[in-house]
Amino acid sequence: MSDQDDLTHVEDGNAQMVDVGDKADSKRRAVAEGRIDLQPSTIDAIRADGIEKGDVLATARIGAVQAVKHTWETIPMCHQIPITNVETDFTVDEESVTLTVAVETVGKTGCEMEALEGVTTGLNVVWDMVKAAEKDDDGEYPATRIGDVEVIEKSVER
């Protein structure tokens, strides 16, 4: 048995969508989290609503929710699932913004990819909104890093 034989999305070397048609519907929840490191001056500007492009966290929240709803369009072999709820939470500390995205669905497959997609897109929106403030005199981004993206919770109620 090769390693490919254990992969649910690969059959005879070809990628495929997993058939979930015979599975019972269940309530599912996934929570993902990630962080973007920024310069303290950028954090101060976010807190003071002083970023030229507008409200960073409100825009990132919209981007995160949109990404959750469209995950099936960007991740190959990902099922289109009915999203029943999305919650976004930002924690702003002295040198970073942490985004937590919780996704709920009732269906035949989980929503971890949707939660991860929400986090990564939301953090990318933060970067896009603050990049002018983050750039140093050499045109570099010395502090800006997105990382620690992970699923922190997953549950199924049958």
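Which residues of helix 2 are buried? The legends below answer this and set the helix in its surroundings.

**About the model.** This is a predicted model, in which local features need pLDDT of at least 70, side-chain atom pairs count only at pLDDT 80 or more, and totals for chains, interfaces and linings use all residues. Residues are numbered from 1 along each chain as its sequence is written, and side-chain values use heavy atoms, with hydrogens and water left out.

**View 1. The whole chain.** The chain holds four helices and six strands. Helices (H or I, at least four residues) and strands (E, at least two) are DSSP runs, numbered from the N terminus. Along the sequence they follow the pattern β-β-β-α-α-α-β-β-α-β. The C-alpha trace spans about 55 × 35 × 25 Å along its principal axes. Of the 158 residues, 35% count as buried. Buried means under 20% relative accessible area, exposed means over 50%, and partly exposed lies in between (1.4 Å probe, protein chains only). Contact means heavy atoms within 4.5 Å. Among contacts in the chain with a separation of 6 or more, 74% come from residues 24 or more positions apart.

View 2. The buried residues of helix 2 are Val56, Leu57, Ala60, Gly63, Ala64, Ala67 and Val68. They cover an arc of only 135° around the axis, so they sit on the same side of helix 2. The arc is that of the directions from the helix axis to the C-beta atoms. An α-helix has 3.6 residues a turn, so residues three or four places apart point the same way. On the other side of helix 2, Ile62 and Lys69 are exposed. The cover over the buried residues includes helix 1 (40–47), helix 3 (71–74), strand 4 (83–92), strand 5 (96–107) and helix 4.

View 3. Helix 2 covers residues 56–69, which is 14 residues. At 1.5 Å a residue, these should span 20 Å. The expected span is 1.5 Å times one less than the number of residues. The end C-alpha atoms are 20 Å apart, which agrees. Aspartate 55 caps the N-terminal end of helix 2. One of its side-chain oxygens lies 3.3 Å from the backbone nitrogen of leucine 57.

**View 4. The largest nonpolar core.** A nonpolar core is a set of buried Ala, Val, Leu, Ile, Met, Phe, Trp, Tyr and Cys residues joined through side-chain atoms within 4.5 Å. The largest one has 28 residues. Leu38, Ile46, Val56, Val97, Val101 and Val130 touch the most other members. Strand 3 (26–37), helix 1, helix 2, strand 5 and helix 4 each give two or more residues to this core. Helix 4 gives the most, with eight residues. Look at valine 56: leaving aside neighbours within four places in sequence, it is in contact with Ile46, Ile51, Val126, Met129 and Val130.

**View 5. Helix 1 and threonine 42.** The buried residues of helix 1 are Thr42, Ile43, Ala45 and Ile46. Their arc around the axis is only 160°, which puts them on the same side of helix 1. Helix 2, strand 4, strand 5 and helix 4 are among the elements that cover them. Threonine 42 has 1% relative accessibility, so it counts as buried. Not counting residues up to four places away in sequence, threonine 42 touches Val130, Ala133 and Glu134. A polar contact of 2.4 Å joins the side chains of threonine 42 and glutamate 134. A polar contact is a pair of N or O atoms within 3.5 Å; within protein, one must be able to donate a hydrogen and the other to accept it, and residues adjacent in sequence count only if both atoms are side-chain atoms.

View 6. Most residues other than glycine have a negative phi. At 52% relative accessibility, aspartate 49 counts as exposed. Methionine 77 has a positive phi of about 70°, although it is not a glycine. Methionine 77 lies in the loop between helix 3 and strand 4. Its relative accessibility is 29%, so methionine 77 counts as partly exposed.

**View 7. The annotated position, aspartate 128.** An unreviewed UniProt entry carries the annotation "active site" at Asp128. UniProt positions are given in the numbering used here, feature names are shortened, and annotations may be inferred rather than shown by experiment. Aspartate 128 lies in helix 4 (residues 112–134). At 33% relative accessibility, aspartate 128 counts as partly exposed.
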